[in-house]
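Reader: I would like to learn how to read a model of this kind with some care. Could we go through it feature by feature, with the general idea before each case?

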Amino acid sequence: MIKDDHELHRTQEQVVRFENALLTLRQQIFEKDPQGFRLTAAAYADEIATLRASIDEYIGLKSVRDESPTLVGQ
């Protein structure tokens, strides 16, 4: 769980590093071995999703998404 803005920035940097690693992996492996890429990339994708969920929670995006909109006139 992200506790402050410093941790937020570090987490954002981690997302970029994982995305860049995934891109490199795709460039090096995907054409030669698509199934191998998918298997290897799954761990990267899971970590990116986990980090993004932490970011969303810290910045309040999760609570915005969880709120159902009130319709005008109701």
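Reader: How many helices and how many strands does the chain have?

Author: Helices (H or I, at least four residues) and strands (E, at least two) are DSSP runs, numbered from the N terminus. The chain here has three helices and zero strands, and from the N terminus on its elements run α-α-α. This is a predicted model, in which local features need pLDDT of at least 70 and side-chain atom pairs count only at pLDDT 80 or more, while totals for chains, interfaces and linings use all residues. Residues are numbered from 1 along each chain as its sequence is written, and side-chain values use heavy atoms, with hydrogens and water left out.

Reader: In which helix is confidence lowest, and in which is it highest?

Author: The score to read is pLDDT, the predictor's confidence in each residue, from 0 to 100. Where pLDDT is low, the predicted coordinates should not be read in detail. The chain averages a pLDDT of 90, and 89% of the residues score at least 70; confidence is lowest in helix H3 (residues 61-66), at a mean of 78, and highest in H1, at 97.

Reader: What span does H1 reach from its first C-alpha to its last?

Author: The expected span of a helix is 1.5 Å times one less than its number of residues. H1, with 26 residues, reaches 36 Å, which is close to the 38 Å expected. At the start of H1, a side-chain oxygen of Asp-4 comes to within 3.1 Å of the backbone nitrogen of His-6.

Reader: Which residues of H1 are buried, and against what do they pack?

Author: Buried means under 20% relative accessible area, exposed over 50%, and partly exposed in between (1.4 Å probe, protein chains only). In H1, the buried residues are Leu-8, Thr-11, Val-15, Leu-22 and Leu-25, and the buried residues of H1 pack against H2. Of the 74 residues of the chain, 19% count as buried.

Reader: Which residues form the largest nonpolar core?

Author: A nonpolar core is a set of buried Ala, Val, Leu, Ile, Met, Phe, Trp, Tyr and Cys residues joined through side-chain atoms within 4.5 Å. The largest one has ten residues, namely Ile-2, Leu-8, Val-15, Leu-22, Leu-25, Phe-37, Ala-41, Ile-48, Leu-51 and Ile-55. H1 and H2 each supply at least two residues of this core, and H2 gives the most, with five. Contact means heavy atoms within 4.5 Å; leaving aside neighbours within four places in sequence, Ile-2 is in contact with Glu-7, Leu-8, Thr-11, Ser-54, Ile-55 and Tyr-58.

Reader: How many aromatic pairs does the structure hold?

Author: A pair of aromatic rings is described by the distance of the centres and the angle of the planes. Rings of Phe, Tyr and Trp (its six-membered ring) pair if their centres lie within 6.5 Å, and planes under 30 degrees apart count as stacked, over 60 as edge-to-face and the rest as tilted. The structure holds two such pairs. The rings of Phe-18 and Tyr-44 are edge-to-face because their planes stand at 70°, with the centres 6.2 Å apart. This pair links distant parts of the chain, since Phe-18 lies in helix H1 (residues 5-30) and Tyr-44 in helix H2 (residues 34-59), 26 residues apart.

Reader: Why is the pair of Phe-30 and Phe-37 edge-to-face?

Author: The planes of Phe-30 and Phe-37 are at 85°, with the ring centres 5.5 Å apart, so this pair is edge-to-face. Phe-30 is partly exposed at 28% relative accessible area, whereas Phe-37 is buried at 11%.

Definitions and conventions:
Polar contact = N/O pair within 3.5 Å; in protein donor to acceptor, adjacent residues only side chain to side chain.
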